[in-house]
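Please keep the structure in view while reading.

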Amino acid sequence: MTKDEIRALSLQLGLPTWNKPQQPCLSSRIPYGTAVTAERLAQLAQSEMGLRSLGLREFRVRYHGEVARIEVADDELPLLLEVRAQAATLLRAAGFRFISVDLEAFRTGRLNEAAGLVALGGRVPRA
């Protein structure tokens with residue numbers, strides 16, 4: 001079954017998670033070369049649960065030490081800006097000192113691009 005077929009069947013069955021966004025491992029929010037620790041994973045989990053409680057659905061919080069970098073889908077940027085004060089409070093409570101919003105829209109694999117593992121735009125670099 002494809003992802004779309006599973007979503008359609010889940011909707012027919014009335015499952016509340018039928019359109020839930022995919023959630024890759026929280027460690028994918030931590031840059032290569034940075035230690036993945038239980039504390040950092042908890043910090044990211046708390047941050048993303050907080051943003052989700054504000055109504056955001058398609059986003060990531062990226063870990064950069066004291067800085068949280070929020071990537072959000074283009075169509076959700078207005079909502080993030082509307083709730084920015086609450087978002088900042090939630091991310092500070094999670095332990096981030098600074099909060100930034102990425103001006104480029106959310107897309108999977110952004111940290112792979114930064115590491116040179118995938119070219120900008122999601123294409124694999126040629127040798």
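On one side of helix H2, the residues Ala38, Met49 and Ser53 are exposed. The model is a predicted one.

**Helix H2**
- Helix H2 comprises 16 residues, numbered 38-53. At 1.5 Å a residue they should span 22 Å, and the end C-alpha atoms are 22 Å apart, which agrees.
- Gln43, Leu44, Ser47, Glu48, Gly50 and Leu51 are the buried residues of H2.
- Viewed down the axis of H2, these buried residues fall within an arc of 155 degrees, so they line one face of the helix.
- An α-helix has 3.6 residues a turn, so residues three or four places apart point the same way.
- The partners against which the buried residues of H2 pack are strand S1 (59-64), strand S2 (67-72) and helix H4 (84-93).
- Just after H2, glycine 55 adopts a positive phi of about 105 degrees.

**Helix H4**
- The residues Ala87, Ala88 and Leu91 are buried in H4.
- Seen along the axis of H4, its buried residues fall within an arc of 100 degrees, so they line one face of that helix.
- Ala85, Thr89 and Ala93, on the other side of H4, are exposed.
- The buried residues of H4 pack against H2, S1 and S2, and also against helix H3 (77-82) and strand S3 (98-101).
- Glycine 95 follows H4 and has a positive phi, near 115 degrees.

Note on methods:
Residues numbered from 1 in each chain as written. Predicted model: local features only at pLDDT ≥ 70, side-chain atom pairs only at ≥ 80, totals over all residues. Heavy atoms only, no water. Helix = DSSP H or I, 4+ residues; strand = E, 2+ residues; numbered from the N terminus. Expected span 1.5 Å × (residues − 1). Buried < 20%, exposed > 50% of the residue type's maximum accessible area, 1.4 Å probe, protein only. Arc of directions from axis to C-beta. Contact = heavy atoms within 4.5 Å.
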